[in-house]
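Hello,

Here is the structure I promised to pass on to you. Have a look at it first, and then read on for my notes.

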Amino acid sequence: MKKRYPLSLILLVFVFSASSGLMASNIITIDTLTTKSAKAMPRAARHKIGFNAGGLKSNYPLRYYYDMTFFQAQWNYTYARLGHFEFESMAVLQYGATYYNATLYPFEGYKRGMELGFMAGLNFRFNFWKERLFVSFMGIIGPMYTPHMPSRQGTPLNFSDNLAVSIGGRVAGHYMIDLRLGYRHLSNAGINPPNYGINSHWISGGIYYCF
């Protein structure tokens, strides 16, 4: 006698088979799209090289005057990432043209000088708005050759200690820009008196290539 199957069972098998085929098709499509997206997505840049320029002003306390226009070449390397945070090391070459009063009493007028040096430090960056914008905090320190200085500094070798906050963003292609506001203390670390130090605030802007 020929075995008959209930219509409900036949419909159940048909629906299950169709659903399985559709799910398999969707999985293949999703996997294919994911693979293509992964291939299209570039590896996050670890290196940033660039140039920035700015101005420095020392008018506090009001016992000396020391201004500088500076130019910097910079290299950043991202050594760690945690979510939206990036942790970078920094290396900076700086040249600056200075304008200052050599002595306060007796006042000898204003003179011109220069600074030339190298600094290194750390930068902590927070990325937001799909990593188009960022805020960062940096600290760098390094030696400066300063042959012309106010009388409050006793040597042409001084050390530049900087803390700064910056805001910026990515622009076309691999390029990035930023604006920085910082504070600097310049002194000779007690190598030779006098060593009263020069405190300054500064602002700068720059452009960098990321790769």
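Residues 24 or more positions apart make up 60% of the contacts in the protein chain with a separation of 6 or more, a contact being heavy atoms within 4.5 Å. Please keep in mind that this is a predicted model, where local features need pLDDT of at least 70, side-chain atom pairs count only at pLDDT 80 or more, and totals for chains, interfaces and linings use all residues. Residues are numbered from 1 along each chain as its sequence is written, and side-chain values use heavy atoms, with hydrogens and water left out.

First, the overall layout. The protein chain has one helix and eight strands, in the order α-β-β-β-β-β-β-β-β from the N terminus on. These elements are DSSP runs numbered from the N terminus (helices: H or I, at least four residues; strands: E, at least two). Of the 211 residues, 35% count as buried, where buried is under 20% relative accessible area, exposed is over 50% and partly exposed is in between (1.4 Å probe, protein chains only). The accessible surface of the chain comes to about 13,000 Å², and 71% of that belongs to carbon and sulfur atoms; the areas come from the Shrake-Rupley method with a 1.4 Å probe, and for residues only the protein chains shown count as cover.

Next, the strand pairing. β2 and β3 pair in the antiparallel sense over 16 bridges, pairing being called if DSSP finds at least two bridges between two strands. Within this pair, A80 has F87 in β3 as its bridge partner. The β2-β3 hairpin has two residues between the strands, and G83 takes a positive phi near 65° there. β3 is also joined to β4, antiparallel again, by 17 bridges, and T98 stands opposite G113 in β4.

Now the nonpolar packing. A nonpolar core here is a set of buried Ala, Val, Leu, Ile, Met, Phe, Trp, Tyr and Cys residues joined through side-chain atoms within 4.5 Å. The largest one has 18 residues, and L56, Y66, I140 and I198 touch the most other members. At least two residues of this core come from each of β2 (66-82), β3 (85-101), β5 (133-145) and β8 (198-210). Apart from it lies another core, of five residues, including F134, M176, Y208 and C210. As for L56, its contacts beyond four places in sequence are Y66, D67, M68, F70, R184, S200, H201 and W202.

A53 and F70 are 17 residues apart in sequence, yet 5.7 Å apart in space, C-alpha to C-alpha. Leaving out residues up to four places away, A53 touches F70, F71, S204 and G205. A53 is partly exposed, with a relative accessible area of 27%.

Six salt bridges are found in the whole structure, each a side-chain nitrogen of Lys or Arg within 4 Å of a carboxyl oxygen of Asp or Glu. E88 and K48 form one of them, with the closest N and O atoms 2.8 Å apart. Because E88 lies in strand β3 and K48 in strand β1 (residues 47-58), this pair ties together parts that are 40 residues apart in sequence. Both E88 and K48 are buried, E88 with a relative accessible area of 0%.

E88 also bridges to R125, where the closest N and O atoms are 2.7 Å apart. That pair links distant parts of the chain, R125 in strand β4 (residues 110-128) and E88 in strand β3, 37 residues apart. R125 is buried as well, at 4% relative accessible area. Which residues make up the network of salt bridges here? They are K48, E86, E88 and R125.

T78 is buried, with a relative accessible area of 0%. Its side chain makes a polar contact with the side chain of E86 (3.1 Å); such a contact is a pair of N or O atoms within 3.5 Å, and within protein one must be able to donate a hydrogen and the other to accept it, while residues adjacent in sequence count only if both atoms are side-chain atoms.

Finally, D178 and R180 form a salt bridge, the closest N and O atoms being 2.9 Å apart, and both residues are buried.

Best wishes
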